[in-house]
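Subject: Structure handover

Hello,

Please find the structure below. Have a look at it first, then read on.

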Amino acid sequence: MTDDELQRLRDEVARLEAALDTERANADQWREVAESRRVALEKVRQHPVVKVLFWIAGWLLPPVRRARKRATKLEREARKVASGVAQLPAKIDAPRREQALRRAIAALPPAPASDRRVSIVVLTRDGADNLARLLPALRARTAMDRVELLVVDNASGPATRRFLAALSESEVGSAAARPDVRVLRNDTNRSFSEANNQAAAEATGDVLLFLNDDVEPLSDGWLDRMLAALAPDDVVAVGAQLVYPRRPLLGSRTRDLGVQHLGTELVPVAGGFPQARNVGEGRDPDPSLPVHEVAAATAACLAVERDAFEAAGGFDERYVYGAEDVDLCWSLRRAGGRVVVAPDAVLFHHEGETRHRVDEVEARNRRQAANWDALAARFGPELRRAVERERLTGSLVLTSVPYHLAITVTRDLESAGYGDWYTAHELGEACAALGWRVSYVERYRDAWYDLPDDVDALLVLLDTFDLRKLDRPGLTTIAWVRNWTERWTSHPWFDDFDLVLASSRTSADLIAGESRHTPTVLPLATNPSRFSAGEDDGAGRPRAGAVFTGNYWGKDARLPELVAAVPDLTVYGKGWEDVPAVAGAWQGQLPYDELPAVYRSALVVVDQAADHTRPYGSVNSRVFDALSAGALPVTNQVAGARELFGDDLPTWETAPELAALVADLTADPGRTARLAGELRDRVLAEHTYAARAASLRDLLLARADRPSFALATSVPERRAAQRWGDWHFAEGLGRELRALGHPVRLLIQDEWTSRDARTADVFVHLKGRSVAPPADGQLHVIWNISHPEELTPEECDAADLVLVASHTGMAEQLRGRTSTPVGVLLQATDERRFRPRPRDPRFAHDLVFVGNSRFVMRQAVRDALDAGLDLAIYGANWEKFVDPSLVRSTHVPNDELAAVYSSATLVLNDHWEGMRRHGFASNRLFDALAAGAVVVSDDVPGLDGLFDGAVATFTGADELRDVVQRLLADEDDRQARSERGRSAVLAAHTFAHRARELVDHVEAARAARRGTR
């Protein structure tokens, strides 16, 4: 054995030993969790009242279970009867409606005859009764001379086998029109996809028509109508209108003679995987409807161009009786074809008669769930994005469900007089004109946290809305900062918004400096259909005087001064009757709908920016409304006026300046009207709510087009997330990815393979111990941040990109063991959370260690105790290894970690052996250094280069004692190390750096993946 082989063997043994230790620790950890929960439950059980309740429950449980089982059965029967009773009126009327349907079909114009060769594929299993109904209907209502019929027998029982054996031309055809019938027999019950692909391979027609054995065409010409709909070059598949037939008097949950299928649409779930739903289900059938495009059509009756079917690879055989037709139709669509439904081709669908007999409901539900999971894994990102784009643009084909925007307001009551009501409703009306649905949620009694279930995006107009009170993964959150900018940025949840809009450049710059966001400037605007200038758009109509419109909230101290300076100023608004100096000019409260008339009558409108908007350059909507109505506003919002109108819009700052300005403008009404007209043209071109709604739509479209990320953590349940380090790691990374415009979803372990998780373009596994299965539709990224010994070549081969948090040679080693691209992406910190804090007496220790024991005695802690150092420990499960008095707390909230690091004189750090050996710098190093701590750590190669020599390293107890004593005695050295360490981290090791690096890695991997397809 060579030295290299021996070394590889040693490495493998070490890896297996480390893996075994990890698994033992993991098992011990979960045993401890289970034990703690058992103890807690036992304490509850020992309570006298609870003990009595358990005794009563034990006595009553068996008869209760029997009674519940009987009740459940009776409930099912009762529901069945109730459903049938509810359907009785429709059932009584069913004969009339069936005659009406047949008359409507007969009244259709004749279908153009087609000479195309059609192969009809019928799959059956124990379907003799269905075939006995279908085949004569085909004979009677189809031109069989150009039809090839293939029946696939999927291992049927004796009755169906006898029926098929007796099948002959005389039984299903006539001398004038004998069908070409072939029976393909299978010894096993193959899946729908397999069996239909089998028949398609044998078929000779240039059109493949897949038919369930439980359908029944209702008229001549049904096939010609489907072929006519298939005639356009871009149409590659056609479905039919399927109708529920008349059913037994009781027991049916479907409406007799109601539509079962007019195509399949995709019902959106906010940020998640769309659900398939039959179009038109339950309505009255209408054969006169036009051919319409759909997302998909059921393969119960589906005609497909053979060439397109083969190019798409046929039915995907990973599906088992469910979702295969949606998969096929999407494959056809993504290749450039269209899928349509021909409503004039009408068939009864005796749905599921065979399948429901042989399958148990629970087994069928599990199978269908697996089918939709498979569809999400294959096309999740594409389907989500396509549906979202359609809904944003209002061009609905894949779905009929409009995009749903909710907007926050103080009160959803116009008479309450809050300005945000007008802003919200004007923008909302403009968004509704785009085809969106708009809801308004009010702050009153915190009602705004109770959002409608189907909201896609939330536009927040008030800074007091606390995002932390929402638990709506996939919801797009948008902040529109129109005032109080510093108040907005001071909230701890502000960085968690997906998009931020600012009403001025001044506000946007302030936000960019105080948060992670780079806002889009979106000023207020006007609604020109409401604030119109009149029939002549303001030309030639006399206007006179100056007006002020605005409500009094007890804070406007300047208006009395302005009224005194401008004697002819007319005031409208709520509350001014209580201000004596204004009462003489006050003309009453003004309803919103009367504002346009007031502006149309005025030559000059005085605009006064409030204290919460003026410092930020936000221009009031009053300015835009007045200009739209043909009046000239004069404003004291000087910065905002310059930003939007240059030097053209008149401004003032003091009452004397306003008085002089108004006098000058009213002295020459012609010049004033001309200036108002010029500015009005600019407002109508740039500053309408329709333009703002279009800007919002474009921002959301751009966001929808950016790669979305799912960050997969090993957290077992959401209620425990805040106690897991990799959850906080994912939160920090997610905030920075959102700041770059990328949608982000954080996942606990049970959500890794959920359908909603599969809609992300990029699945980033924050790799520890577990293996996350990849999906075809996603870029699968492994970011190995811990337990490097667990990462196998096989797991790397299954991924699209592997990133390792090692600054030494692990990436190079992996490149020699996998064909998957491997890159380096180190750990990082959230510099906004981990920053120097004032010294907190609670955490003022000479030497502190933060970390759980993981049920082993960690070497750095052992060395510190062996060296006789005074060590303070924060972490769990140390009781068996150290004096309990050393453990100051078993848990430190993530928000307080920075205070622990900043307050300690020295922070002790260590690495698990696998991480140290592979060059994985602990995340604790980045956090502590960012908080300004002086860190003493066991040695990992390359630490000096990473952190500019700021980290003092040791090997063994003696060296640790020397290092700690030296640093405790040298304040200057500590200060220098603190500054160097923090500077090194801020320069290259924040989550903002990692997010940009991750996006670069992902873009390169996506480009490489596209190049291989």
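Here is what was found in it.

This is a predicted model, in which local features need pLDDT of at least 70, side-chain atom pairs count only at pLDDT 80 or more, and totals for chains, interfaces and linings use all residues. Residues are numbered from 1 along each chain as its sequence is written, and side-chain values use heavy atoms, with hydrogens and water left out.

**Helix 28**

Start with helix 28, residues 894-903. Helices here are DSSP runs (H or I, at least four residues), strands likewise (E, at least two), both numbered from the N terminus. Eight of the 10 residues of helix 28 are buried, so the rest of the structure largely encloses this helix. Buried means under 20% relative accessible area, exposed means over 50%, and partly exposed lies in between (1.4 Å probe, protein chains only). The areas come from the Shrake-Rupley method. Among the buried residues are Asn-894, Leu-897, Val-900 and Tyr-901. What do they pack against? The partners are helix 24 (725-739), strand 29 (847-850), strand 30 (871-874), strand 32 (906-909) and helix 30 (923-930). Contact means heavy atoms within 4.5 Å.

**Ala-430**

Ala-430 sits in helix 13, residues 419-433. It is buried, at 13% relative accessible area. Leaving aside neighbours within four places in sequence, Ala-430 touches Tyr-689, Ala-690 and Ala-693. Arg-692 is 262 residues from Ala-430 in sequence, yet their C-alpha atoms are 8.1 Å apart.

**Salt bridges**

How many salt bridges does the structure hold? There are 65. Each is a side-chain nitrogen of Lys or Arg within 4 Å of a carboxyl oxygen of Asp or Glu.

- Asp-454 and Arg-437 meet at 2.6 Å, N to O. Asp-454 lies in the loop between strand 14 (437-442) and strand 15 (457-460), and Arg-437 in strand 14, so the pair ties together parts 17 residues apart in sequence. Asp-454 is partly exposed at 38%. Arg-437 is partly exposed, with 38% relative accessibility.
- Asp-509 and Arg-505 meet at 3.4 Å, N to O. They are four residues apart in helix 15 (residues 505-514), about one helical turn. Asp-509 is partly exposed at 45%, and Arg-505 is partly exposed at 39%.
- Glu-812 and Arg-815 meet at 3.0 Å, N to O. They are three residues apart in helix 26 (residues 810-815), again about one helical turn. Glu-812 is exposed at 55%, whereas Arg-815 is partly exposed at 39%.

There is also a network: salt bridges with shared partners join Asp-495, Asp-496, Arg-516, Arg-735, Glu-736 and Asp-830.

**A charged patch**

Which residues form the patch of negative charge on the surface? They are Asp-939, Asp-944, Asp-948, Glu-959 and Asp-962. A patch takes residues with over 30% relative accessible area and no salt bridge, joining like charges within 9 Å and nonpolar side chains (Val, Leu, Ile, Met, Phe, Trp, Tyr) within 5 Å. Asp and Glu count as negative, Lys and Arg as positive; His and the chain ends are not counted. The place of a charge is NZ of Lys, CZ of Arg, CG of Asp or CD of Glu. Asp-948 lies in the loop between helix 31 (943-947) and strand 34 (952-954). Asp-948 is partly exposed, at 48% relative accessible area.

Best wishes

Terms used:
Accessible areas come from the Shrake-Rupley method with a 1.4 Å probe; for residues, only the protein chains shown count as cover.
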